[in-house]
Structure formats: C-alpha cells, structure tokens
Amino acid sequence: MAGKPKLYYFDGRGKMESIRWLLAAAGVEFEEEFLETREQYEKLLQGGSLLFQQVPMVEIDGMRMVQTRAILSYIAAKYNLYGKDLKERALIDMYVGGTDDLMGFILMFPFLSAEDKEKQRAFIVQKATSRYFPVYEKVLKDHGQDFLVGNSFSWADVHLLEAILMVEEKKSDVLSGFPQLQAFKARISNIPTIKKFLEPGSQRKPVPDDKYVETVRRVLRMYYDLKAN
C-alpha cells in the first residue's frame with residue numbers, strides 16, 4: 001500500500017496551499033516537511049529532487065512532482081475531481097485558470113510594504129468584483145446546478161472556494177453583491193471533507209505572518225522589495 005503523499009514547502013500558504021486544499025477535499029491524508037533553513041533547500045537541490053530548482057514538491061505514487069499545476073492536475077484526475085469527459089475537463093481548466101489569476105494577485109501580498117499592501121488590497125477587491133466573481137456568478141446562475149461543471153464536485157469548486165475565502169480576508173463583505181456565490185460558498189463549505197479542512201487544527205495554513213515572510217526570504221534569499229501591481 002502506497003504511503004501518504006509528502007509535501008515539501010514552507011509552513012505557510014504560498015503555492016502549496018491549493019495542493020493542501022485539493023488533497024483535503026479528496027479526503028487524502030498527507031504529511032509535510034517544512035523548509036526552515038537554506039541548508040534544507042540546498043539539500044533538495046543537490047539531490048536533484050527539484051527539477052526546476054523550485055518548490056512546491058510533492059512525493060506521491062513513487063514520483064517526486066514539481067510544478068504546481070502539474071501536481072494539482074494529477075491529484076484532480078487521480079481522485080475523480082476532474083470531470084467526466086474532455087469537455088468538462090476543459091471547463092475545469094478554464095475556471096481554475098481564471099481563479100489562479102485572481103489568486104496570483106494575493107500570493108505576494110505578504111511580502112509587500114505597508115503602503116503597497118493598502119494599494120494591493122484595493123486592487124484585489126476591484127479585480128475580484130469586476131472581473132472574476134461576475135463570471136462565476138453568471139456560470140452558476142446559467143448552469144443551474146450546485147457545482148461549476150456538470151453536476152458533480154470538482155477541482156474547480158475547490159479552487160473557487162479557496163479564492164473566495166482569500167479575498168474575504170481582504171474585504172469581509174466582498175460577496176455582498178453575488179447571491180449565487182454566497183450560496184455556493186455555503187454549499188461547498190459544508191461538504192464533509194471541506195468542512196473538516198476548515199475546522200481549527202487542520203493542515204490548512206493561516207494568513208501569512210511576518211515569521212513566514214522572513215523564513216521564505218531567508219531560504220530563497222529574496223532580499224529585495226516586491227511592488228504591488
């Protein structure tokens with residue numbers, strides 16, 4: 001019997017968080033090894049584990065996988081969260097791609113200066129409410145089902161809920177004009193595996209703090225300023 005997937009990343013969200021979400025949604029237990037020193041990172045590099053010299057890296061089914069999208073696609077397919085046919089898979093890829101774009105505006109937020117954070121917060125909310133959330137609101141309304149694609153729970157639903165919660169951390173009432181998304185959030189949050197992941201004590205990571213930022217900067221030697229979009 002294969003062991004649990006093992007995740008190599010920092011003790012924080014970053015690009016690994018969506019992988020944690022998807023594994024949790026599939027009901028898959030996983031282990032984590034947190035990078036805390038430059039030496040740990042260099043050991044992975046020297047051992048050839050990091051194909052493109054980057055984390056996240058996940059050990060699963062005898063493979064050491066890198067590249068976040070490849071890892072997520074594999075997990076989604078393995079655990080039947082990737083649609084029933086090629087057309088549904090294409091829709092899932094499209095919706096996940098859009099959600100990824102929105103998440104990208106949030107990913108580097110913790111590394112910004114206080115002044116740039118305020119600018120970026122407004123930018124994130126503006127993009128979410130004018131470009132991304134209206135799309136998913138319309139999809140759900142037109143589709144008339146509980147889920148984004150077909151009538152079954154998929155990677156697209158997991159990814160969208162993660163994004164909604166991330167944006168709500170920037171503005172708590174951001175869904176006030178989106179009734180379909182409000183209902184969607186409630187439905188998906190109550191799926192047993194998701195509900196468990198949202199409970200205290202799960203492997204879901206909190207909002208990145210200064211300790212996380214300093215660890216990432218030190219391990220990756222990111223000693224430069226990041227500007228808002």
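This is a predicted model: local features need pLDDT of at least 70, side-chain atom pairs count only at pLDDT 80 or more; totals for chains, interfaces and linings use all residues.
Just after α3 comes Asn80, which has a positive phi of about 60 degrees.

Now for the sheet. Four strands make up an open sheet in the order β2-β1-β3-β4, and the pairing is mixed. The edge positions go to β2 and β4, each with a single partner strand, so one side of each has no neighbour in the sheet. On average, neighbouring strands here are turned by 20 degrees against each other, direction ignored.

Here are the strands with their residue ranges:

| Strand | Residues |
|---|---|
| β1 | 6-9 |
| β2 | 31-34 |
| β3 | 57-60 |
| β4 | 63-66 |

What sense does the pairing of β1 and β2 take? The two strands run parallel, joined over four bridges.

Helix α1 (residues 17-25) lies across β1, β2 and β3, and runs at about 165 degrees to β1.

As for annotation, an unreviewed UniProt entry places the feature "domain: GST N-terminal" at residues 3-83. In the model, that span is 36% helix and 20% strand, and its end C-alpha atoms lie 26 Å apart.

How values were computed:
Residues are numbered from 1 along each chain as its sequence is written. Side-chain values use heavy atoms; hydrogens and water are left out. Two strands pair if DSSP finds at least two bridges between them. Axes are lines fitted to C-alpha atoms, for helices over the stretch in contact, and angles run from 0 to 180 degrees between N-to-C directions. Contact means heavy atoms within 4.5 Å. UniProt positions are given in the numbering used here, feature names are shortened, and annotations may be inferred rather than shown by experiment.
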